[in-house]
Amino acid sequence: MEVDVNSHLGVDQVVRETARRISLDNFSLLDPDFLADPYPYFAEMRRHRPVFPTVVAGTPILIVTTDELCRSVLEDPATFSSHFSLQNKPSPEAAARGQALREELGGYPRVNTLVTEDPPRHARFRKLVASAFTPRAMTKWQQSFTELANELLDGLDGATEVEFRSAFTDPLGLRAIALVLGVEDSRLDDFARWARHTLIGLGTEVSDEEYLAAQRSVVELQLYFAGIIADRRARPRDDLVTRLVNARLNAAESENGDGDPLTDPELLEMMQTLLSAAGHTTTRALTEMFHQLARHPVWWERATTDPESRPAIIEESVRFAAPAVGLWRRVTRDTQLGGIDIPARTKILVSFASCTRDEAVIEDAESFDPTRTELRSHLAWGRGIHACLGQSLARAQMRVALDVLTDRLSAVAIPTGKSATYERNYIARGIASLPLQITYR
Amino acid sequence: VKIVLDYDKCSGNGICESIAPEYYHVADDGDLVLLKEQVSDQDIGAIRRTVAECPTGALTLAPQ
């Protein structure tokens, strides 16, 4: 499921020339050429049809591709509801067996919390978790993340050529979110499998076997997390889960005066959301950052000699990676978007991959350029009430990785004749493998 | 100028606090607390950034 796209990524000019040959006739989100390199397709959509109709998983949808239009969708949750997600499904038989399996194994019901809830209910969840994710709350993780990054680098054992995602960014992202969620080291292998399975069918087709394995994983994850929740309830610690368990709204906002604490299914859903929203996305942003630094030695140099350049490199990497490639919305009432009439119940894919490359608002958007002004005006973190809650956590992790690597490595480069490969996924797309040549200090 | 916070829009993301912790603080109940309303001349650049970068558009500036 990997594809070499280096020819498109290497030279910006190539991207533009490719764009001219792109045809949107018979477009499909599952087209291998699109999945290999979606950016020229999105450029074409922005140019000719910024609200682009297509069909996926048997459902007609509209892809919204420009910064301006994505912004207006994200800022209007009353018209564009989050109460919808489109996942590719297995056969009806497998779906029924999955349902039975979840019940048999004692799985908890799935409920809407942060990502798929609308106002006014969304605000309750948002407020109950807000304090756990402030920039201040993140500073306490810096030390642990630094130790983790150093440990992973030690683990390379002096290797000079590595597949960097499996060697460094995957375990860093996974173990960082494991730390935040209170997962024990002894369960890290299970946790890695659960993490993979939480997003099954999102942005890619799914086989019946994979689907059933994923259902089992989800229940295992729920039961394990339920144990953590029960433990923190009995023995509070200074950690995220204890904060979530004890989180209360203030009296004025609470309906029956008890602060509306999260119920067990809500707590579980929240932890699963944090895992899927934080683990994979941060890994994608981290991997893309080192990919870009390997491709642009001048930025590696700058990062090394001038720590003050690092926040800009991190921010530009997030824009460039657009780790949440797209998110779903559902139209609640007849409306208009980009001059087009859109009836109620229309399904919409907000394309972060596209709007973060919108040449109308971002100059030379296809280039990696940490010197650009308006660095943080991009939409990669989202916008409005669903804007990424974990962005301080993500920035902290990326900063630690950049600090540790520039401190201990003198150079990173793509080995001659090799290149990064990308996942074929229209929602969760990122680097699948990143061969790196590394030089130690 | 002074900072005006729309409590109904704020989602407590804390981007403002990351830029200007001496002005903004997300409390344990998830509510944003304005530590100072009046913006001093030397801080105006940072405060304008908090207004621009607030993901929910909850911050505005007003003449005193």
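Strands here, at least two residues of DSSP's E, and helices, at least four of H or I, are DSSP runs numbered from the N terminus. Two strands pair if DSSP finds at least two bridges between them. Glu161(A) sits opposite Gln437(A) of strand 13 of chain A.

Before I go on, a quick word on the model: it is predicted, so local features need pLDDT of at least 70 and side-chain atom pairs count only at pLDDT 80 or more, while totals for chains, interfaces and linings use all residues. Residues are numbered from 1 along each chain as its sequence is written, chains are lettered from A and ligands numbered from 1 in the order in which they are written, and side-chain values use heavy atoms, with hydrogens and water left out.

Back to the strands. What is the order of the open sheet of three strands? In chain A it goes 5-13-10, with antiparallel pairing. Strand 5 (161–163) and strand 10 (409–413) of chain A are the edge strands, each pairing on one side only. On average, neighbouring strands of this sheet are turned by 30° against each other, direction ignored. Then there's helix 9 (residues 164–181) of chain A, which lies across strand 5 and strand 13 of chain A and runs at about 60° to strand 5 of chain A. For angles like that, axes are lines fitted to C-alpha atoms, for helices over the stretch in contact, and the angles run from 0 to 180 degrees between N-to-C directions.

Now the other sheet. This one is open too, with five strands of chain A in the order 2-3-9-6-4 and mixed pairing. Strand 2 and strand 4 (80–81) of chain A are at the edges with a single partner strand each, so one side of each has no neighbour in the sheet. Strand 2 (residues 51–56) and strand 3 (residues 59–64) of chain A run antiparallel, joined by six bridges. They form a hairpin with two residues between them, and in the turn Ala57(A) has a positive phi of about 50°.

Strand 3 and strand 9 (residues 347–351) of chain A run parallel, with four bridges between them. Helix 5 (residues 67–74) of chain A lies across strand 2, strand 3, strand 4, strand 6 (326–331) and strand 9 of chain A, at about 125° to strand 9 of chain A.

On to the helices, and to helix 17 (residues 391–408) of chain A. How do helix 15 and helix 17 of chain A cross? The axes of helix 15 (residues 310–321) and helix 17 of chain A come within 10 Å and cross at roughly 120°. That makes the pair oblique, a class for whatever is left once under 35 degrees is roughly parallel, over 145 roughly antiparallel and 65 to 115 roughly perpendicular. Their contact, meaning heavy atoms within 4.5 Å, includes Ile313(A) and Ile314(A) of helix 15 of chain A and Met398(A) and Leu402(A) of helix 17 of chain A.

Helix 8 (residues 135–155) of chain A meets helix 17 of chain A too: the axes come within 8 Å and cross at roughly 40°. Among the residues in that contact are Phe145(A) of helix 8 of chain A and Gln397(A) of helix 17 of chain A.

Gln397(A) turns up again with Thr282(A), which touches Ala394(A) and Gln397(A), not counting residues up to four places away in sequence. Thr282(A) is in helix 13 (residues 264–295) of chain A. Is Thr282(A) buried or exposed? Thr282(A) is buried, with a relative accessible area of 6%; the cut-offs are under 20% for buried, over 50% for exposed and partly exposed in between, using a 1.4 Å probe and protein chains only.

Asn425(A) is in the loop between strand 11 (421–423) and strand 12 (431–433) of chain A, and counts as buried at 9% relative accessibility. Ile385(A) is in the loop between helix 16 (352–355) and helix 17 of chain A. Beyond four places in sequence, Ile385(A) touches residues including Pro77(A), Ser11(B) and Thr56(B).
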